Amino acid sequence: MNVVIDWNAFILVFAAALIGACAVVGFYAMGLRLLVRGGHAPVVSPAEFTDAITVITEKDLKRAAKQAAKAAKKSPLTDAQKRLSLVGAYACFVVCAIAVIGGIALIVIGGH
């Protein structure tokens, strides 16, 4: 039995996966950055795990929310700049979602 590997196809799939992963991570990071710049810093509530250490306490959560609100008030951006940052953040998240849905569609549709 002779196994033949199509190295050109392998390199093509590897490059597409690498570029896709970098694009999704990059756009997600840029979206988070623009979200914070627009004055909407995401504050995550504490996680409760059985037999595990709680990552953040309620006190820390309240303190983080207070700091985020304080930072949003001190922002030197105008309202228009904040709105533009939020629109850019949501656009970055939409690009991420489209990339993920497109990848899943390629796997599901291309697998047949």
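## Starting with burial

A residue counts as buried if its relative accessible area is under 20%, as exposed if the value is over 50%, and as partly exposed in between, using a 1.4 Å probe and protein chains only. By that rule, 12% of the 112 residues of the protein are buried. The model is predicted, so to speak of local features a pLDDT of at least 70 is needed, side-chain atom pairs count only at pLDDT 80 or more, and totals for chains, interfaces and linings use all residues. Residues are numbered from 1 along each chain as its sequence is written, and side-chain values use heavy atoms, with hydrogens and water left out.

## The overall layout

What secondary structure does the protein have? There are three helices and zero strands, and the order from the N terminus is α-α-α. Helices here are DSSP runs of H or I with at least four residues, strands are runs of E with at least two, and both are numbered from the N terminus.

Helix α1 has 31 residues and spans 44 Å from its first C-alpha to its last, close to the expected 45 Å. That expected span is 1.5 Å times one less than the number of residues. After α1 comes Gly-39, with a positive phi near 95 degrees.

Contact means heavy atoms within 4.5 Å. Take the contacts between residues at least 6 apart in sequence: 60% of them join residues at least 24 apart.

## Two aromatic pairs

Rings of Phe, Tyr and Trp (its six-membered ring) pair if their centres lie within 6.5 Å; planes under 30 degrees apart are stacked, over 60 edge-to-face, and the rest tilted. How many such pairs does a search of the whole structure find? The search finds two. In one, the ring centres of Trp-7 and Phe-10 are 5.6 Å apart and the planes meet at 80 degrees, so this pair is edge-to-face. Both residues sit in helix α1 (residues 7-37), three residues apart, about one turn of the helix. Trp-7 is exposed at 52% relative accessibility, while Phe-10 is partly exposed at 49%.

Tyr-28 and Phe-93 form a tilted pair, with 5.6 Å from centre to centre and 50 degrees between the planes. This pair links distant parts of the chain: Tyr-28 is in helix α1 and Phe-93 in helix α3 (residues 79-110), 65 residues apart. Tyr-28 is partly exposed at 44%, and Phe-93 is partly exposed at 24%.

## The largest pocket

On a 1 Å grid over the protein atoms alone, a pocket is an open set of points with protein on both sides within 12 Å along at least five of seven lines, and lining residues have an atom within 4 Å of a point. The largest pocket holds about 290 Å³ of space, a volume filled by probe spheres set on grid points that are joined across faces, edges and corners.

Which elements give two or more residues to the lining of the largest pocket? They are α1 and α3. Among the lining residues are Val-13, Gly-20, Ala-99 and Ile-107. By class, the lining has 10 nonpolar, two polar and no charged residues. Here Ala, Val, Leu, Ile, Met, Phe, Trp, Tyr, Cys and Pro count as nonpolar, Asp, Glu, Lys and Arg as charged, and the others, Gly among them, as polar.

Ser-85 lies in helix α3 and is buried, with a relative accessible area of 6%. Beyond its neighbours within four places in sequence, Ser-85 is in contact with Leu-34, Arg-37, Gly-38 and Leu-77.

Arg-83 is also placed in helix α3, but it is exposed at 54%. Arg-83 and Gly-38 are 45 residues apart in sequence and 6.6 Å apart in space, C-alpha to C-alpha.

Definitions and conventions:
1 Å grid on protein atoms, 1.4 Å probe; cavity = no way out; pocket = protein on both sides within 12 Å on 5 of 7 lines; lining within 4 Å.
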